[in-house]
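Student: Could you walk me through this one? I'd like to start with how the pieces are named.

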Amino acid sequence: MAGRVVLHGRGASPYSRRVELALKVKGIEYEFVEEDFTNKSEALLRYNPVHKKVPILVHNGKPITESLVIIEYIDKTWKEGPPLLPRDLYERAKVRFWASFLHQQLFEAIASVINTDGEAQDRAVKEVHEKLKVLEEGIKGNYPGGSPFINGNNMGLLDVVVCSILGTHKVLEEVLGVKFLDPEKYAMVNSWVKALTESPLVKEAMPPHEKLVGILRLIRARLLESAAA
Ligand SMILES: N[C@@H](CCC(=O)N[C@@H](CS)C(=O)NCC(=O)O)C(=O)O
């Protein structure tokens, strides 16, 4: 029995999306509450008074925050679905390492490309390529292949995290006018992301491309405007 599961999130948020994907992999039914950042709900502020951010998973009335923490909670709580983390402790440690690299390093670098212009943006793009190179080598060395996903036939923690960041690379490339996932430079990462974005579960969870392009253009315009003010 899943109990009552409510996810407070934002359709366009990569952090929310990774939690939604984890719930879908496990086959857990949940209610989605779309939050408005210009008018945060009383529930959001009560459940996450420290960061006042989404995603927040509320399980039987108890809130859990921070996307990576939530995904581990999902994995430990609903043992009946496919595992999101390997049972072997060494493999589990490696997955946590790469998830944190993606979450902290690659995502931060991409965020810098979104909120800069001109030379600062050129530097940020270079940084993204450096991180992608590290990821490509890391994947080659640790997960030389065979399965469509890092976790095997079902997505796991690393798969949902990479999907939440690079699953929308075409949106980023269109809005920013920069090519990130060059298949010649990053063959492993490219085929991994392709397998993920072509899977029915991801297609179902991903908002339409045009909608995300519109949202990202708006976010970028606001960020550039506040940086210039
Ligand atoms: N480290 C957090 C980051 C969550 C986060 O940044 N959420 C954004 C949505 S993309 C948010 O709620 N922003 C609201 C705000 O900044 O006011 C996680 O992994 O869950």
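This is a predicted model: local features need pLDDT of at least 70, side-chain atom pairs count only at pLDDT 80 or more; totals for chains, interfaces and linings use all residues.

Student: Where does P55 lie?

Tutor: Look at the peptide bond between V54 and P55 to spot it: that bond is cis, with omega about 10 degrees. K52, not a glycine, has a positive phi of about 55 degrees, and K52 is found in the loop between α2 and β3. As for P55, its place is the loop between α2 (42-47) and β3 (56-59).

Student: Which backbone puts a polar atom 2.8 Å from a nitrogen atom of the ligand?

Tutor: Start with the residues around the ligand (a heavy atom within 4 Å of it), among them K40, V54, P55 and E66. Then look for polar contacts, meaning pairs of N or O atoms within 3.5 Å. K40 uses a polar side-chain atom, 2.6 Å from a ligand oxygen, and E66 also uses a polar side-chain atom, 2.8 Å from a ligand nitrogen. The backbone asked for belongs to V54.

Student: How many charged residues does the shell around the ligand have?

Tutor: Asp, Glu, Lys and Arg count as charged; Ala, Val, Leu, Ile, Met, Phe, Trp, Tyr, Cys and Pro as nonpolar; the others, Gly among them, as polar. The shell has 4 nonpolar and 3 polar residues. The number of charged ones is 3.

Student: Which residue meets E72 in a salt bridge?

Tutor: Side chains of opposite charge can pair when their charged atoms come close. A salt bridge here is a side-chain nitrogen of Lys or Arg within 4 Å of a carboxyl oxygen of Asp or Glu, and the whole structure has 15. At 4.0 Å, N to O, the partner is K76.

Technical notes: Residues are numbered from 1 along each chain as its sequence is written. Side-chain values use heavy atoms; hydrogens and water are left out. A polar contact is a pair of N or O atoms within 3.5 Å; within protein, one must be able to donate a hydrogen and the other to accept it, and residues adjacent in sequence count only if both atoms are side-chain atoms. Helices (H or I, at least four residues) and strands (E, at least two) are DSSP runs, numbered from the N terminus.
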